[in-house]
Amino acid sequence: MARPRENPATPGLPDLLTLLRKSSGAASRRSEEKLIEEEIGAAAREELVAKRVEEELEKRKDEIEREVLRRVEEAKRIMERQLLEELQKQRQAELAAQTAREEEEKSKREELEKILEENNRKIAEAQAKLAEEQLKIVEEQRKIHEERMKLEQERQRQQKEEQKMILGKGKSRPKLSFSLKAVE
């Protein structure tokens, strides 16, 4: 059997007239008609459904576009909100890190200041000790100098005494008495 010709109005559907002409018997004619009606009905329903879907899509095109835009905007807002939250978390983390660094630097600075104060105190104590020792040394030198002066004065006095004695001045020398004794 030859392939039935397709109707240009309903592509993919066999032309009824062609099918009817080719059918031979009444019984087979009836079954063929029934088959044709079923095929035409199914195809027509499919075509009708496709048309209705297309019409619905056409009618609701603006609504669908609005819905798509709404969903896109909503997704955009959600993403922006998430991005802002993430940025805020990053800022808070950076702020916390900066605060921690500042606290650490402050504690280090305080520790260094304490060390500096301790060093200054030790230096002041050392300088005070040094000044005290220098004062003792100066005092000892003064005493040594006074002793030297006393010794020098004593030596000079003794020297004068000796000279007086040698020279016999100022009754410093005892009188010598000479006497003759008989020898026996």
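User: Where is the place of Val72?

Analyst: In this predicted model, Val72 sits in helix H3.

User: Is Val72 buried or exposed, or partly exposed?

Analyst: Buried means under 20% relative accessible area and exposed means over 50%, with partly exposed in between. Val72 has a relative accessible area of 46%, so Val72 is partly exposed.

User: Which residues gather in the patch of negative charge?

Analyst: Asp and Glu count as negative. On this surface, the negative patch brings together Glu54, Glu55, Glu56, Glu58, Asp62 and Glu65. Two elements give two or more residues to it: helix H2 (26-59) and helix H3 (61-167). H2 provides the largest share, four residues.

User: Why does Glu65 count as partly exposed?

Analyst: Glu65, which lies in helix H3, counts as partly exposed because its relative accessibility is 41%.

User: What is the secondary structure of the chain, and how much of the chain is buried?

Analyst: The chain has three helices and zero strands, in the order α-α-α from the N terminus. Of its 184 residues, 5% are buried. The chain exposes about 17800 Å², and 54% of that area is supplied by carbon and sulfur atoms.

Conventions. Residues are numbered from 1 along each chain as its sequence is written. This is a predicted model: local features need pLDDT of at least 70, side-chain atom pairs count only at pLDDT 80 or more; totals for chains, interfaces and linings use all residues. Side-chain values use heavy atoms; hydrogens and water are left out. Patches are made of residues with over 30% relative accessible area and no salt bridge: like charges are joined within 9 Å, nonpolar side chains (Val, Leu, Ile, Met, Phe, Trp, Tyr) within 5 Å. Accessible areas come from the Shrake-Rupley method with a 1.4 Å probe; for residues, only the protein chains shown count as cover. A salt bridge is a side-chain nitrogen of Lys or Arg within 4 Å of a carboxyl oxygen of Asp or Glu. The place of a charge is taken as NZ of Lys, CZ of Arg, CG of Asp or CD of Glu. Buried means under 20% relative accessible area, exposed over 50%, partly exposed in between (1.4 Å probe, protein chains only).
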